[in-house]
Amino acid sequence: MLTTDEYKKWLELKKHIHHTAIVEEGVKIGEGTKVWHYAHIRENAEIGRDCVIGKDVYIDHHVKIGNGCKIENGVSVFTGVTIEDNVLVGPNVTFTNDKYPRAFPHTWKVTPTFIHKGVGIGAGSMVICGVDIGIYALIGAGSVVTMDIPSYALAYGNPAKFISWICKCGQVRMDTQGKLCPDCCKKELQEMLSEENSY
Ligand SMILES: CC(C)(COP(=O)(O)OP(=O)(O)OC[C@H]1O[C@@H](n2cnc3c(N)ncnc32)[C@H](O)[C@@H]1OP(=O)(O)O)[C@@H](O)C(=O)NCCC(=O)NCCS
Ligand SMILES: [Zn+2]
C-alpha cells in the first residue's frame with residue numbers, strides 16, 4: 001500500500017513514462033526522469049533522477065544509471081554496464097557484456113564496463129566490455145572503444161585512440177590533463193563555493 005505522498009510521486013513519475021514503454025518489475029526510476037516511446041527497461045534496473053531515456057532504448061536487468069543522464073534513441077545498455085551521473089550516450093550506441101560470444105551453450109560471464117560521470121559518447125559508437133571510460137572523457141561518433149579511456153580525454157576512431165585532452169565543457173582542447181578552461185573554472189569555483197555555503 002502506498003502512502004499519499006508516495007502515490008503522488010508515483011503519479012508524477014507516471015506522467016513521464018510513455019504508454020508504449022515497457023518497465024518491468026523492481027525497476028527504480030528517479031523523479032523527473034522521462035522514458036520515451038517503446039523503451040524497454042528490464043527487471044531491477046535502476047535509473048536516477050532527471051534522466052532522459054530515448055525512443056527504442058533497451059536497458060537490461062540490474063543495469064545502474066546515475067542522475068542527469070541522456071540515453072539517446074536506439075541505445076542498448078546490457079547487464080554489467082554501470083553509467084554514472086551526467087553521462088550522454090549518443091543515438092544507437094551499443095554496449096556489450098560477453099567478451100567471447102557464442103550462440104551455443106557455454107559458460108560465459110558478464111564482463112563489467114564503467115562509464116564515469118560526465119562522459120559523452122558519440123552516436124553509433126560501440127563499447128567493448130571490460131573498459132573504463134574516465135570522467136568527462138569524450139568519445140567521437142562511430143568509435144569502437146576497445147581499451148580504457150582516461151579522464152578528460154578526447155578519443156575516437158576504430159579502435160578509439162587518444163587524440164587530446166578536453167575540457168569538462170567538451171568545447172576546449174587542453175594540453176594538460178584535468179585542467180579546465182577559464183569559463184569552466186569559474187563555474188566550478190562558483191559551484192564549490194555555493195555547496196560550501198549550503199552546509
Ligand atoms: C570528435 C569530435 C568532438 C571532434 O570535433 P572537432 O574537435 O570539431 O574536430 P573536427 O571536426 O575539426 O575534426 C578534426 C579531425 O578529426 C576527424 N574526426 C572528427 N571526428 C571524428 C570521428 N568521430 N571519428 C573519426 N575521425 C573524426 C576529422 O575528420 C578531422 O580529420 P582531419 O584533421 O584529417 O581533417 C566530433 O567530430 C564528434 O564526433 N562529435 C560527436 C557527435 C555526436 O555523436 N553527438 C551525439 C549526440 S547527437
Ligand atoms: Zn570548458
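Leaving aside neighbours within four places in sequence, alanine 153 is in contact with Gly134, Ala137, Phe162, Trp165 and Ile166, two residues being in contact if their C-beta atoms, placed from the backbone, lie within 7 Å. The structure is a predicted model, in which local features need pLDDT of at least 70, side-chain atom pairs count only at pLDDT 80 or more, and totals for chains, interfaces and linings use all residues. Residues are numbered from 1 along each chain as its sequence is written, while chains are lettered from A and ligands numbered from 1 in the order in which they are written.

Ala153 is also one of the residues that touch the most other members of the largest nonpolar core, together with Ile71, Val77, Ala137, Ile139 and Ile149; this core holds 42 residues. A nonpolar core is a set of buried Ala, Val, Leu, Ile, Met, Phe, Trp, Tyr and Cys residues joined through C-beta atoms within 7 Å. At least two residues of the core come from each of β11 (81–83), β18 (138–139), β20 (153–156) and β21 (161–166), and β20 gives the most, with 3 residues. In soluble globular proteins, nonpolar side chains tend to be buried together.

In the protein chain, 31% of the 199 residues are buried. A residue is buried if 20 or more other C-beta atoms lie within 10 Å of its own, exposed if 12 or fewer, and partly exposed in between. The chain contains 2 helices and 22 strands, taken as DSSP runs numbered from the N terminus (helices H or I, at least four residues; strands E, at least two). Of the contacts between residues at least 6 apart in sequence, 17% join residues at least 24 apart.

An open sheet is formed by 6 strands in the order β2-β5-β8-β11-β14-β17, with parallel pairing; its edge strands, β2 (28–29) and β17 (132–133), each pair on one side only. Two strands pair if DSSP finds at least two bridges between them. Strand β14 (residues 113–115) is joined to β17 by 2 bridges, and phenylalanine 114 stands opposite aspartate 132 in β17.

Asparagine 73 lies in the loop between β9 (70–71) and β10 (76–77). It counts as partly exposed because it has 17 C-beta neighbours inside 10 Å. Its contacts, leaving aside neighbours within four places in sequence, are Gly54, Lys55, Asp56, Val57 and Pro91. The C-alpha atoms of asparagine 73 and isoleucine 53 are separated by 7.6 Å, the two residues being 20 apart along the chain.
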